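The sequence and structure are shown first.

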Amino acid sequence: MQMRKKAPVLLLAVALLLIAACSSSSSSSSSSSSSSSSSNSTTAASASGQCPYTFAVITHGDNGSFWSVVYKGAKDAASALGCKLSEVYGSQQQGQAEPDDTAENAQIQDAINAHVNGIAVSDHDPSLMNATIAKAVAAGIPVVMLNAGCDPADLAATHAITCVGQPEQTAGQEAGEQFKDQGTTNVLCVIHQSGQNLLDRCNGIAQALGVGSTCATGTPPKAGPACNELILSTPNAASNPQQADQQIVSYLQAHPQINAVMTLNNAIAGSLVTALGSGSKTKIGTFDLDSSVVTDLQNGSLDFAIDQQQYLQGYLPIVTLYLDLKAHGNSVSPGQVLDTGPLVVNKANVSTVEAAINAGED
């Protein structure tokens, strides 16, 4: 599969917008005045090249290898613009088994109460959070969703500007196509924690394999094509991948007809490569990258990875919120998903993303 470019044009466009915005604020602020103290402070901030806005970043994540990159993107964007971030919230603390959706929803309400200028949020539980996000928009606080909630129905319900992320079902379809092209079509999809986004990935695999709209549960068929889900019972599986992978290995031993495994977390994938050993003929794909995934792709022990370019999921919402406020409602991809993935990475092209990973930007 041909690799998509790693968004240099997009980042260049963002940089040009920032330069233009800063130049505009410097030239216009000298010719305008306001009687209110808030307007005076905004004008002074603009004249000094500083952004007068404070944004809240609220997610269902932790500060691990994936989410720390998202947060770095948000912090880098705020720094480049001169904006402020209120506390970067993550509802799942290190060591917790699952994200705390109730806590995240409360953090959205806290941001509303604090009268922040904009909110970037992962809509991890739409049934709980959509109403609260819509409440923020009704209060005059623009919202950009990131990572989770990248669904037209959720965008319509929340009235968020856009969702910056990876359409998960599409990403699953990309993974399924990779296995299909290699003739490994009896696929086990490993789910490490709750979340509709993970189910959507598995369902996308099933659709690409032509076995229905959903990935099945229960006993896999004797021959492919097939997609079966394995929901890990290990608490906080991503932080205990060795223990979690024992369950995967046992499942594969009991069902030798399975010839491919798709993990939805890179830590579990790396540990599974070790657990199965170099003699295994089972193809392994994963979502998301880190330095260990790069090594496994380079030596061929991992077949491919789906990269959602999470640095952009942190960076672009801050820029989008800034432009919405500064440029009188100008918006990027209004009411639609602003895709950051899926980007298929394999042995042939992994070197092109290795530098970004080393810089903490993927």
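## The open sheet

Two strands are said to pair if DSSP finds at least two bridges between them. The model discussed here is predicted. In it, strand β6 (residues 186–191) and strand β8 (residues 260–263) pair in the parallel sense, over four bridges. Within this pair, Val187 stands opposite Ala260 in β8.

Both strands belong to an open sheet of six strands, whose order is β7-β6-β8-β9-β10-β12 and whose pairing is mixed. At the edges lie β7 (226–231) and β12 (343–346), each of which pairs on one side only. On average, and with direction ignored, neighbouring strands of the sheet are turned by 20° against each other. Helix α7 (residues 168–181) packs on this sheet and touches β6, β8, β9 (283–287), β10 (304–307) and β12. The direction of α7 makes about 165° with that of β10.

## The crossing of α3 and α12

Helix α3 (residues 67–81) and helix α12 (residues 310–326) have axes that come within 6 Å and cross at roughly 35°. The crossing of these helices is right-handed.

On the α3 side, the residues in contact are Val69, Val70, Lys72, Gly73, Ala74, Asp76, Ala77, Ala78, Ala80 and Leu81. They meet Gln310, Tyr311, Gln313, Gly314, Tyr315, Ile318, Val319 and Tyr322 in α12. Classified by residue type, the contact of α3 with α12 comprises twelve nonpolar, four polar and two charged residues.

## The largest pocket

The largest pocket holds about 470 Å³ of space. Its lining consists of 28 residues, and those nearest the centre are Phe66, Trp67, His192, Gln193 and Asn265.

Two or more lining residues come from each of α8 (196–209) and α10 (266–276). Helix α8 gives the most to the lining, with three residues. By class, the lining of this pocket divides into 17 polar, seven nonpolar and four charged residues.

## Backbone features in loops

A cis peptide bond joins Gly341 and Pro342, with omega of about 5°.

Another loop, between α4 (101–113) and β3 (118–121), contains His115. The phi angle of His115 is near 55°, a positive value in a residue other than glycine.

Technical notes:
Residues numbered from 1 in each chain as written. Predicted model: local features only at pLDDT ≥ 70, side-chain atom pairs only at ≥ 80, totals over all residues. Heavy atoms only, no water. 1 Å grid on protein atoms, 1.4 Å probe; cavity = no way out; pocket = protein on both sides within 12 Å on 5 of 7 lines; lining within 4 Å. Points joined across faces, edges and corners; volume = space filled by probe spheres on them. Nonpolar A, V, L, I, M, F, W, Y, C, P; charged D, E, K, R; others polar. Axes fitted to C-alpha atoms, helices over the stretch in contact; angles between N-to-C directions. Left-handed = near helix turned anticlockwise from the far one by under 90°. Contact = heavy atoms within 4.5 Å.
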